[in-house]
Amino acid sequence: MTRSRGKAGHLSGYAFAGPFLLLYATILVYPLLLGIWLSFQRADLFGARTWVGFDNYARLLTDPTFHQSVLNTFVLALLIVPPLTVIALLLALALNRATRTAAVFRGIFFSSSVLSVTIVTLIWRFILTPDAGLVAEISQVLGREPLPFLSHPDLTIPSLAITTIWWSLGFPIMLFLAGLQQVPPDIYEAAALDRSSRWSTFWRITLPSLRRTLVLVIMLQTAAQLQLFGQAQLLTAGGPSGASRTMVLFIYEVVFGRWDLGYGAAAAEILFLLVLGITLAQYWAITRREAER
Amino acid sequence: MSAAVSRNRLPIAATAGLLLGAAIMVTPLVWTLLLSFKSNAELMRDSATAFSAPYTLENYRSILVGSSVSRWLLNSLIVSLGTTAGVLILCSLAGYAFARLDFPFRRTLFVFVLLGLAVPEQAVILPRHQFFALLGLHNSYPGLILPGLVAPFGVFFMTQYFRAIPRDLDEAAMLDGASRFTLFWKVLLPLTIPAQATLGVFTFLGSWNDYWWPLISATTSDRFTLTVGLASAQMNYAQTSGLGFLMAQAVFASIPILIVYIIFQKQIVRAMAGTAVR
């Protein structure tokens, strides 16, 4: 910026950025701080407040319902993120070509990601439910009893995982495809000259070139799945008896079912720290690799 | 698609896997579509009747005549379009300021906005609910739209885009005596249309599919968005509506978003590529 415009620049800078910054401060920063403050209160939805220090956090530490929801959330993330990453990578490798067929397939694999969680769960409810679902109809044709996917304690979490993988494939595939486009073609030509096999080309060239994308996909997905909510709320209602209750569903039930706002806020802060940790880990993993170069 | 595209043929196993995967993706959608064209009474007896005629448009007629679904659709359109317009305006203004103007604390404020990218919705949604209750904003369009307007990624995205525009353009326009706002509005903004399209499509998709916030903010049926309305219909399905009707609602609610997806496929793919390269 040249010096002659200095003064006017001051004013217009705030005129242009001001509206956003104002909303940012009131709708994001203020609630963020309010949330931290609330987590130290005994507070209900209707405005009663008492300072209780770390009481809410101490209660969380000894609350088996919360423990189970944390465990469920991690099991879900573990059942979702690795298969999702591997399947998406394989599909991206297969679809990374300029043919019209590949474009159609890319469209198919991405289509589910534009649907809302409500529609996805509606669709999968009537795939999985034993009384009218597609899987039940198929099992009947095969002469088997339909499995209670949405009500058996051992089956609800896998059902949520399958639904989520089906829903979330599109984005990682697109990220991997974009990553593959960044691999310089001359490396492949060199490999072809070396008569390197498809397998060793993948391990020696493709995978190392995709490391950055791989980290991005794993971290984005982990952060997203730790916040899994709609599927659990709508498909299984967290049941049976909490077997598929996730952390966010726990928070939702505590606040909007038991009106215990302070307690819910404390649980939300713990989730926030987990997600923040993962974001920082991603940042670290990417920058460290760049520093190595 | 450019250079790094592989030209060799896929091995048979890979082709088989691809076809199987595509079948798994498509089957649930086809099943939903079939169910939506069946009469509720027939499905009540046996949902396998979905595989055979007679099919009917009755469920779609019930949606258009005397159900709340059209109202929810209207609400979703108002909220999503309002959010999209707001995000584009706010992020363009802020992006221009951060990219081009010199003002005190510019860098600090930019970093401060970027930190917002690391804040998950869970950390703010409960206190925001409290705050909005205090302001009496629940069950209103502003209450549904405002949270979506805080888009740190949009500001980052637009700032990067404005930075990439050569400064010669500004200098030339300034020499012609253009005011700062004219420069922004008439010269620079038209150049950012591709970025506007990308950010716009993503904001629209995100807003249209948002569930958590409208679930707790809109509690009366006339303010439900489609996602919340369909969730309530899904929960009450046993007592009230039939299976075919429910699935017709799902199809009906997906149509607008599928249209957006088909029209803006290019922008979506380009934006994804951008995320990966960043």
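This is a predicted model: local features need pLDDT of at least 70, side-chain atom pairs count only at pLDDT 80 or more; totals for chains, interfaces and linings use all residues.
1. Helices here are DSSP runs of at least four residues, numbered from the N terminus, and this way of counting gives the places named below. A:Ser244 is found in the loop that runs between helix 12 (230-236) and helix 13 (247-256) of chain A. With a relative accessible area of 0%, A:Ser244 is buried, because buried means under 20% relative accessible area. Setting aside residues up to four places away in sequence, A:Ser244 touches A:Asn72, A:Thr156, A:Ile157, A:Leu160, A:Ala232, A:Thr236, A:Gly238 and A:Gly239.

2. The two chains deserve a point of their own. The size of an interface is often given as the accessible area lost when the parts come together. Between chain B and chain A about 8,600 Å² is buried, and 75% of that area is on carbon and sulfur atoms. On the side of chain B that touches chain A, helix 1 (residues 12-36) of chain B gives the most, with 13 residues. The contact draws 101 residues from chain B and 94 residues from chain A. How many salt bridges are there between chain B and chain A? The count is zero, whereas 18 residue pairs, both at pLDDT 80 or more, are in polar contact between the chains.

3. From A:Ile127 to A:Phe149 the C-alpha to C-alpha distance is 9.7 Å, while 22 residues separate the two in sequence.

4. Side chains of opposite charge can pair when their charged atoms come close. Over all chains, a search of the whole structure finds six salt bridges. One of them joins A:Asp260 and A:Arg59, with the closest N and O atoms 3.0 Å apart. This pair links distant parts of the chain, since A:Asp260 is in the loop between helix 13 and helix 14 (261-292) of chain A and A:Arg59 is in helix 2 (residues 55-61) of chain A, 201 residues apart. A:Asp260 is buried, with a relative accessible area of 17%, whereas A:Arg59 counts as partly exposed at 29% relative accessibility.

5. Chain B also has salt bridges to examine. B:Arg61 forms a salt bridge with B:Glu58, and their closest N and O atoms are 3.6 Å apart. Both B:Arg61 and B:Glu58 lie in helix 3 (residues 58-64) of chain B, where they are three residues apart, about one turn of the helix. B:Arg61 counts as exposed because its relative accessibility is 52%, while B:Glu58, at 38%, counts as partly exposed. In another salt bridge, B:Arg223 pairs with B:Asp222 at 3.9 Å between the closest N and O atoms, and B:Asp222 is partly exposed, with a relative accessible area of 37%.

6. The last point concerns the surface. Which residues make the nonpolar surface patch of about 240 Å²? The patch is made by A:Leu71, A:Val75 and A:Leu79. A:Val75 lies in helix 3 (residues 64-95) of chain A, and its relative accessibility of 34% is why A:Val75 counts as partly exposed.

How values were computed
Residues are numbered from 1 along each chain as its sequence is written. Chains are lettered from A and ligands numbered from 1 in the order in which they are written. Side-chain values use heavy atoms; hydrogens and water are left out. Patches are made of residues with over 30% relative accessible area and no salt bridge: like charges are joined within 9 Å, nonpolar side chains (Val, Leu, Ile, Met, Phe, Trp, Tyr) within 5 Å. Accessible areas come from the Shrake-Rupley method with a 1.4 Å probe; for residues, only the protein chains shown count as cover. A salt bridge is a side-chain nitrogen of Lys or Arg within 4 Å of a carboxyl oxygen of Asp or Glu. Helices (H or I, at least four residues) and strands (E, at least two) are DSSP runs, numbered from the N terminus. Buried means under 20% relative accessible area, exposed over 50%, partly exposed in between (1.4 Å probe, protein chains only). Contact means heavy atoms within 4.5 Å. Buried area is the accessible area (1.4 Å probe) that two parts lose on being put together, summed over both. A polar contact is a pair of N or O atoms within 3.5 Å; within protein, one must be able to donate a hydrogen and the other to accept it, and residues adjacent in sequence count only if both atoms are side-chain atoms.
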